[in-house]
Amino acid sequence: MSITDDLPRFTALSARLTGFDEVTLEATGLTGTHRAVAAEQLGAERYARLLRELGEREPGEHELGEPGDAMDGELREAARAVTHLWYTGSWPGPPPFVVSPRAYAEGLVWKAAGLKAPATEPGGYGSWAEAGDPPRPGDAVGGNVR
């Protein structure tokens, strides 16, 4: 399978690894970027194995995080690296690196915490002292925290 044909499989795997749905991941605008980074850093063979062995779940199979002995150390490290990439916008290495400022700002860690990434939105001098907007019912990530 060509790397250009596997974006839906990578997105489904990423949703399974991160706990965020595919729509949320796609809304970051980084699925293609993260797929390319993962494929390059893991290498073709390990990347294909990750997609093959963890990407699609059979009916009745446990959620990721419960595969137990079925996942060896190499596959577990690859899954952790992809999860780290989504949550932080950086590849854990070696050598570790930030993918881009946008990847950092769109990191799932901020969404999970209901925050905006520090220094990614203009606030102006003293903005840290202002109260943010209170969360409203139905807000996916809370209020406008500054």
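Among contacts in the protein (heavy atoms within 4.5 Å) between residues at least 6 apart in sequence, 57% join residues at least 24 apart. The structure is a predicted model, in which local features need pLDDT of at least 70 and side-chain atom pairs count only at pLDDT 80 or more, whereas totals for chains, interfaces and linings use all residues. Residues are numbered from 1 along each chain as its sequence is written, and side-chain values use heavy atoms, with hydrogens and water left out.

The protein contains 7 helices and 2 strands, taken as DSSP runs numbered from the N terminus (helices: H or I, at least four residues; strands: E, at least two), and these elements follow the pattern α-α-α-α-α-β-β-α-α along the sequence. Of the 146 residues in the protein, 33% are buried, where buried denotes under 20% relative accessible area, exposed over 50%, and partly exposed the range in between (1.4 Å probe, protein chains only). The accessible surface, computed by the Shrake-Rupley method with a 1.4 Å probe, comes to about 8700 Å², and carbon and sulfur atoms account for 54% of this area.

The buried residues of H3 are Thr31, His34, Arg35, Val37, Ala38, Ala39 and Leu42. Threonine 31 counts as buried because its relative accessibility is 10%, and, leaving aside neighbours within four places in sequence, threonine 31 is in contact with Leu7, Phe10, Thr11, Leu25, Glu26 and Trp86. H3 is followed by glycine 43, whose phi is positive, near 90°.

Histidine 84 is found in helix H5, which covers residues 73-88, and is partly exposed, with a relative accessible area of 32%. Apart from neighbours within four places in sequence, histidine 84 is in contact with Gly89, Ser90, Trp91 and Pro92. Histidine 84 and leucine 108 are 24 residues apart in sequence, with a C-alpha to C-alpha distance of 9.4 Å.

Rings of Phe, Tyr and Trp (its six-membered ring) were paired if their centres lie within 6.5 Å, with planes under 30 degrees apart counted as stacked, over 60 as edge-to-face and the rest as tilted. By this rule the count comes to 4 aromatic pairs. Tyrosine 104 and tryptophan 110 form an edge-to-face pair, at 5.8 Å centre to centre and with 75° between the planes; tyrosine 104 is partly exposed at 28% relative accessibility, whereas tryptophan 110 is buried at 19%. Ring pairs also link Phe10, Tyr47 and Trp86 into a cluster.
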